[in-house]
Amino acid sequence: MRFAVPYLTFYIATTTATATASAFQSFASKIQRQRGRRRHNYLGQGGGFSSSCFVDNNDNNRRSRTASGHSYNQWYMNIGQSGDGKEDVEDDDNDDTDDDDDYMDDVNLEDWRNFRKRLVESSDSTGSGSPNSSGSSTSSSSSSATTHEDLLILDNPEDKASPPDATKTTKRFKSVSKANEELLKTQSEVLHAEGLWAHESSVAEVGGLLLRMPLEVEIYRNKDQLTVGKELNVRLEIDGMESNSKPLLSSSSTGALDKNPDLSFSLTAAQTLLWYKKTQSLIDDEMSEIVGLADERGQINSLQLGSKATEMLGLYLDNRQSWQEVCLVAERNVWNGDALTYVLNRPMAFRLNENLARLVLFGAFKNAMNDGKVSVSQMNLLTKFLRAFEQSCGVYIGGPDGMDDKAVLLHGISDLEGAEEIAPGTRIYRGGLDAAIAGVLQGKYKPLDFRFVVGCHKYKSGELERELQNCKHQPVACSRALALKQCIQLPKPLWHEVMELCGGELREISRLELLKRDDIQD
């Protein structure tokens with residue numbers, strides 16, 4: 001089915017949507033029967049939904065985003081309802097036991113992650129083409145519906161319980177950087193064989209990622225809550241009134257579009273470019289005003305700053321401190337709001353010397369307390385550690401908290417003695433240092449199979465949730481290969497790689513951010 005909108009054409013393909021939505025609904029219904037809505041720790045164990053999917057939640061003002069603008073919470077609660085909107089309370093087991101007391105075992109958690117991977121791959125094959133050399137897309141289908149990038153909308157109006165990603169297909173490329181993939185293959189054939197995938201999520205789940213958003217995105221998404229956002233709303237409204245009198249595409253442009261599919265017009269790209277540039281202009285204007293208040297010594301009297309300027313300066317400085325961080329969510333307690341993440345893309349060193357080895361093994365605090373002296377057993381450990389990792393070792397700054405503590409060892413080796421999985425089904429592990437050293441010395445493992453992280457981000461009492469609501473981060477579900485791969489001279493930075501794998505608006509934001517840099521060949 002096809003219908004026209006001024007200057008754009010949307011193509012509706014209901015068949016594929018019905019199949020995808022049906023598969024997603026069937027799997028999630030199985031989860032609901034096994035788990036029950038009252039279970040809170042599915043997310044804490046690396047699941048795909050927040051606790052609000054299983055317990056009553058009155059937070060109706062949640063602004064977490066998904067690819068379609070809806071939350072998984074809304075979709076999940078609809079699964080148990082029939083077509084007439086009445087809740088289906090029938091006991092699926094036809095017995096006297098309460099299904100809410102069932103639990104999700106590790107096997108089902110792994111099945112859930114594999115299902116999401118297949119769903120993303122299905123989205124690739126049904127709703128997107130492959131990138132060509134010019135960066136635009138072409139479709140394997142003969143239908144003209146897929147020649148317009150990001151305009152393929154899959155919709156089944158009768159399927160009310162379809163998840164967000166099933167009702168709207170966002171184009172995701174399986175490969176966004178061949179050079180990155182070739183580098184990954186040299187580092188770990190296992191991770192390379194598993195493949196890379198990522199998609200937006202509505203919540204921060206253990207084993208997933210948090211992407212620090214650019215300041216333009218933070219202000220735009222949270223503009224209704226910020227003082228500086230009021231000015232942005234005014235600018236966007238003025239631009240909207242001006243654009244209503246102008247066609248989105250000229251007649252000559254639309255003619256060229258029909259003749260050459262490679263010139264496909266992306267509505268997502270146009271919309272993103274509009275608000276991004278408006279927000280960027282606002283930031284430049286506000287920061288110029290603040291800089292203009294500096295005296296001859298370059299100092300600014302804080303009493304001269306109004307509320308809007310103070311807010312703008314705080315947002316700017318906070319964003320610069322965590323610019324384009326990619327963080328692995330390692331812990332999250334849905335009861336008290338505590339969480340812990342590790343920054344993955346802040347490399348400290350790729351080779352070891354004795355001082356760095358002491359820092360990694362014993363921590364800065366312990367070294368200072370003992371005046372650098374170590375026991376005989378510690379010296380033996382230090383010697384073996386240097387033998388194993390001196391020539392090649394991935395050491396990263398994981399965040400500002402716990403910098404004085406010894407490093408945390410991250411890897412993907414399930415049978416490493418002393419290692420623990422951060423959450424069932426993630427296949428991401430912490431610990432097992434002694435076995436790692438022995439395995440490298442024996443040639444069983446490679447040094448770059450492991451990552452040493454010094455420091456972390458610690459969140460207390462809902463701090464992370466508040467930052468998500470303020471649009472500082474974008475939660476992303478991903479393959480473990482993205483979380484475990486080494487960030488060693490990546491041709492395309494990890495932040496951009498994940499953003500482009502997610503597709504849609506995130507891909508366009510990544511491209512706009514790349515325009516600010518001249519040190520990266522996209």
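Which residue of β17 is the bridge partner of A198? The views below are of a predicted model, in which local features need pLDDT of at least 70 and side-chain atom pairs count only at pLDDT 80 or more, while totals for chains, interfaces and linings use all residues. Residues are numbered from 1 along each chain as its sequence is written, and side-chain values use heavy atoms, with hydrogens and water left out.

**View 1. The open six-stranded sheet, with antiparallel pairing.** The strand order is β6-β17-β7-β8-β9-β16, where strands are DSSP E runs of at least two residues, helices are H or I runs of at least four, and both are numbered from the N terminus. The edge strands, β6 (198–200) and β16 (457–459), each pair on one side only, pairing being defined by at least two DSSP bridges between two strands. β6 and β17 (residues 473–478) pair in the antiparallel sense over three bridges, and the partner of A198 in β17 is C478.

**View 2. The crossing of helices α14 and α15.** The axes of α14 (residues 376–389) and α15 (residues 433–441), lines fitted to C-alpha atoms over the stretch in contact with angles from 0 to 180 degrees between N-to-C directions, come within 9 Å and cross at roughly 50°. Residues in contact (heavy atoms within 4.5 Å) include L381 and F385 of α14 and I437 and V440 of α15.

**View 3. L416 in the loop between β12 (408–411) and β13 (419–421).** L416 counts as buried, because its relative accessibility is 3%, against a cut-off of under 20% relative accessible area with a 1.4 Å probe and protein chains only. Leaving aside neighbours within four places in sequence, L416 is in contact with H411, G431, G432, A435, A436, Y445 and F450.

Notes. Buried means under 20% relative accessible area, exposed over 50%, partly exposed in between (1.4 Å probe, protein chains only).
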